[in-house]
Structures are given as C-alpha cells and as structure tokens.
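Subject: Structure for you to look at

Hello,

Here is the structure I promised to pass on. Please open it alongside this message; my notes follow below.

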Amino acid sequence: MERIVIHSDLNNFYASVEKKLRPELAGKPVAVCGNKEERHGIVLAKSEEAKKAGVKTGDTIWQAQKKCRDIVIVPTNFPLYMEYSRKVKAIYARYTDLIESYGIDECWLDLTRSTRVFPEFAEKYVISGGEKHFSDEYLKFMGDVIRNAVKSELGITVSCGVSFNKVFAKLGSDLKKPDGTTVISYLNGKSVVNGLPVEDLLFVGKATGGKLHAMGYNTIGQLAAADDGVIIKTFGKVGETLLKYARGLDEDEVKHMDEKREYKSIGNSCTYAEDITNPSRIERMLYVLAESVAARLRETDQGLADTVHLWVRFADLSDIAVQKKVRHTALCGEIARHAFALFQDCVNAPFAVRALGVTVSGFDNGSSQITFDESAGNYKKLEAVERCVDGIRKKHGYDKLQRGIVSEEPSQMKNDIKNSHLIKPANFEDREK
C-alpha cells in the first residue's frame with residue numbers, strides 16, 4: 001500500500017517560541033544564544049528577520065550583532081522549548097500514533113492509516129499508468145491541515161514535507177520555509193528531487209558531499225543514476241544507503257510514539273567559562289557529566305554499558321578522544337572514575353582544558369547479569385540510590401540534591417546539562433570522523 005509520510009519541521013523553533021510569549025519582540029530580529037560568560041555565546045536559533053539580515057546558526061554573538069545591529073539577544077529556556085515540543089506532538093497524536101522524533105523540533109508522521117480522521121476531499125486519488133495513487137492535492141491538503149492546527153493553536157509555524165517515504169518527506173520539509181507544505185509523490189517525485197543539490201539528501205554532510213562532488217555527482221538525480229559499484233567501492237555500506245535514498249527506495253518505517261528508541265551511545269559535554277588547570281577540578285567536572293550520562297542511560301532503558309569514552313578539548317582547540325572497556329555499569333560513580341582514569345593516563349601536566357565530554361556505549365539491553373561476587377549486592381544498592389536521586393531531582397529540581405564532590409564546585413551546583421543539552425541524532429558525517 002502506498003504510504004503517506006509527513007516530515008514536520010518547526011520553523012526557527014526556539015526563536016518562534018520566545019516571540020510567541022514576548023509580544024514586544026514582534027517584527028524584531030531575534031537570536032536565541034547560549035551564555036556568553038560561559039563561552040557558549042553562539043546563535044542557536046534566529047527569527048526570520050535575523051535570518052534575512054544574514055545571521056546564521058553557529059554565529060558568535062558579536063558576529064550576529066555585526067550583521068544585524070538592532071538584533072535582540074535572548075537567553076535559552078530549554079524547559080519551555082521542551083514543553084512546546086510536547087504540545088506540538090499532542091496535536092500530531094490526534095491524527096496518528098506513528099510519530100518518530102528527530103530532535104526537539106522535527107518529527108516524522110505516518111498517516112497511511114489515518115485518512116479517515118481528515119475531512120472529506122473530492123480528489124483523493126488519481127489513476128496514473130494504470131495505477132491508483134493519492135493525488136498531490138490531497139497530500140498537500142493533509143500537510144496543510146497539520147500546519148494550520150499547530151499555527152492556530154500554538155502560534156508557531158511548521159513546514160511539512162509529504163511523501164511516500166521518510167527521506168523524501170525530509171527533503172520536502174526543507175523546500176518551503178517558513179510555513180509551507182511540499183509534496184514529493186510518486187507522480188511528481190523525480191521532477192522535484194532530481195535537480196536538488198546532493199547535499200540536500202538526508203545524511204549527506206560536508207565530507208560526503210565533497211567526495212560526491214569530486215566524483216562528478218552534484219545533484220540527487222546524478223547520484224540516483226550512478227553506477228552501484230563505483231559508489232559502494234568509495235563509500236562502502238554507507239554508499240548502499242545513499243543510493244537507496246537518492247532513488248526513493250527508503251522503506252524505513254516511522255516508529256510508534258511509544259516505541260523505545262535504540263541508542264548506539266549516550267553522552268554529554270560542556271565548555272567551561274575558564275580553562276581548567278587543576279586535576280581535582282577535572283575530576284569534579286567529570287562527575288557532573290557522568291551524572292547526566294548515567295541518568296539518561298537509565299531513562300532510555302538500554303541496560304548497562306561496557307565502554308566509557310572521554311573527549312578533551314584544550315585551550316589551543318586541539319583535542320583527544322579515548323575509550324576503554326569496563327565491566328557493565330549504569331552508575332555515575334563508576335563512569336566518572338573510568339573517565340578520570342582515562343584523563344590521567346592520557347593527559348600530562350601542565351594542561352589547560354577548555355571542554356570535556358563523557359560518553360558510554362556497548363549497551364546490553366538488560367541481558368547482562370551482574371555476577372561480580374561481593375560487589376553485586378553493593379551495585380544494586382547504589383543503582384537504587386541513583387534512581388531515587390533521579391526521582392527527587394525530577395520532582396524538586398536538579399540542584400536540590402548533589403554529590404559531595406560536586407558541591408566543592410559552586411559553579412556546577414545548578415548545571416543541569418542533562419536537560420539543557422538537546423542534541424539531534426548522529427549522521428553519517430559523525431561516522432566518518
């Protein structure tokens with residue numbers, strides 16, 4: 001059966017929420033930025049007015065102000081954005097329970113089984129080549145219904161791509177911004193897609209795009225017509241996926257809204273307001289990161305992890321990344337100790353650390369048994385304590401309960417990076433590094 005897949009992308013999401021709740025910002029160029037004093041002072045989202053002035057995501061605050069002298073800088077409010085994200089998904093849930101998030105501001109929806117919940121539409125089907133297909137007009141109508149519901153009820157806009165698979169739906173949502181619907185169907189697919197730059201294809205990042213251009217593949221249509229052997233020889237398994245995506249053969253299903261997402265890794269990182277030169281401070285910062293990683297691991301229900309990764313960026317912007325196998329764990333204390341041991345093994349004094357990252361991987365999905373003898377009982381007790389801490393923080397606030405080692409670092413007492421760092425899923429570009 002022909003599928004109906006929508007990719008929804010909330011336009012300038014953080015900035016749109018801020019403008020919705022602050023009427024005085026209406027018509028003004030706005031940039032939502034990280035904390036300048038903590039060296040997070042970059043543009044995370046910008047309004048249409050700021051975008052037209054040349055402001056880009058990732059610009060520093062001073063760059064944004066140079067491009068747009070009257071720009072209004074607004075600090076982040078991640079709990080507010082999460083609340084609006086949930087409200088948007090509640091609207092989507094009226095039409096389907098097949099809702100797969102792609103970050104805080106994007107979702108795929110499968111509406112194949114949901115046509116009955118939409119108003120009647122005269123030209124729902126057309127016959128082409130002897131086959132029955134949904135009409136482009138009907139597909140656009142479905143996207144428009146969802147767009148208008150979000151706009152009228154929440155006061156923010158969304159762009160929708162409607163297609164027969166997830167990859168082409170994602171392509172469509174990028175083509176009419178803000179507040180537009182683009183249809184890429186069986187009927188018009190090639191005419192819309194083939195001339196688009198190859199970089200527009202999902203998971204084609206800078207490095208992959210550069211290789212494809214060097215090989216003479218500049219458009220999605222050229223990639224779709226490429227010789228399989230040439231692409232697969234150059235890109236391996238990723239090449240097979242790229243060809244499938246370019247040819248519109250993606251059959252990946254949209255996950256149910258309650259389906260557990262599978263993670264390959266869970267991590268967090270932080271850039272600090274000043275360079276860290278003291279090993280004791282490094283240890284304390286690693287505990288802050290490990291707290292967030294362990295809590296996320298427990299929330300995602302992936303079981304225990306058997307690998308700890310450490311990333312360190314120095315003041316000169318050089319960095320290192322190391323990892324080690326460990327016994328299966330989901331405990332903050334164990335993750336932090338392993339991370340600090342990696343640091344001690346790989347970094348010699350004197351040092352000046354600008355940023356740190358801790359990640360865990362190698363999840364057992366609950367299949368491992370903790371059999372380390374006398375430690376087994378103690379592990380269970382420690383895990384129960386950490387889950388209790390999770391509950392207290394969720395109810396009363398992150399800073400209401402802290403480890404003693406973290407309390408020695410006043411600047412980190414309220415640093416709830418678990419809930420303030422919102423990262424999209426990894427792409428092929430990450431895998432190539």
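Leaving aside its neighbours within four places in sequence, which residues is leucine 297 in contact with? The list is Ile266, Gln302, Gly303, Ala305, Thr329, Ala330, Val360 and Phe363. Bear in mind throughout that this is a predicted model.

**Leucine 297 and helix α12**

Leucine 297 is found in helix α12, residues 279-300. Its relative accessibility is 1%. The cut-off for buried is under 20%, so leucine 297 counts as buried. One of its contacts is Phe363. Leucine 297 and phenylalanine 363 are separated by 66 residues in sequence, yet their C-alpha atoms are 9.2 Å apart in space.

Threonine 300 also lies in α12. Threonine 300 is buried, at 15% relative accessible area. Its side chain reaches the backbone oxygen of leucine 297 at 3.0 Å.

Now the helix as a whole. α12 has 22 residues, and 18 of them are buried, so the helix is mostly covered. From first C-alpha to last, α12 reaches 31 Å. That is close to the 32 Å expected at 1.5 Å a residue. At the start of α12, a side-chain oxygen of asparagine 278 comes to within 2.7 Å of the backbone nitrogen of serine 280. After α12 comes aspartate 301, with a positive phi near 60°.

**Helix α4**

Helix α4 covers residues 78-92. Which residues of α4 are buried? They are Phe78, Leu80, Tyr81, Tyr84, Ser85, Val88, Ile91 and Tyr92. These residues cover an arc of only 155° around the axis, so they sit on the same side of α4. An α-helix has 3.6 residues a turn, so residues three or four places apart point the same way. Pro79 and Arg86 are exposed, and they are carried on the face of α4 turned away from its buried side.

**Threonine 181**

Threonine 181 lies in strand β10, residues 181-184. Is threonine 181 buried or exposed? Its relative accessible area is 3%, so threonine 181 is buried. Its side chain makes a polar contact of 2.7 Å with the side chain of aspartate 144. Another polar contact, also listed at 2.7 Å, joins it to the side chain of arginine 147. Sequence neighbours within four places aside, threonine 181 is in contact with Lys140, Gly143, Asp144, Arg147, Cys160, Val162 and Lys176.

**The β7-β8 hairpin**

Strands β7 (residues 125-128) and β8 (residues 131-134) run antiparallel and are joined by 4 bridges. Valine 126 stands opposite histidine 133 in β8. The two strands, β7 and β8, form a hairpin with 2 residues between them. In the turn, glycine 129 has a positive phi of about 60°.

**The chain overall**

The protein chain has 17 helices and 14 strands. Of its 433 residues, 49% are buried. Take the contacts between residues at least 6 apart in sequence: 64% of them join residues at least 24 apart. The accessible surface of the chain comes to about 21500 Å², and carbon and sulfur atoms account for 50% of that.

Best wishes

Methods: Residues numbered from 1 in each chain as written. Predicted model: local features only at pLDDT ≥ 70, side-chain atom pairs only at ≥ 80, totals over all residues. Heavy atoms only, no water. Buried < 20%, exposed > 50% of the residue type's maximum accessible area, 1.4 Å probe, protein only. Polar contact = N/O pair within 3.5 Å; in protein donor to acceptor, adjacent residues only side chain to side chain. Contact = heavy atoms within 4.5 Å. Areas by Shrake-Rupley, 256 points an atom, 1.4 Å probe, with all protein chains shown as cover. Expected span 1.5 Å × (residues − 1). Arc of directions from axis to C-beta. Pairing = 2+ DSSP bridges.
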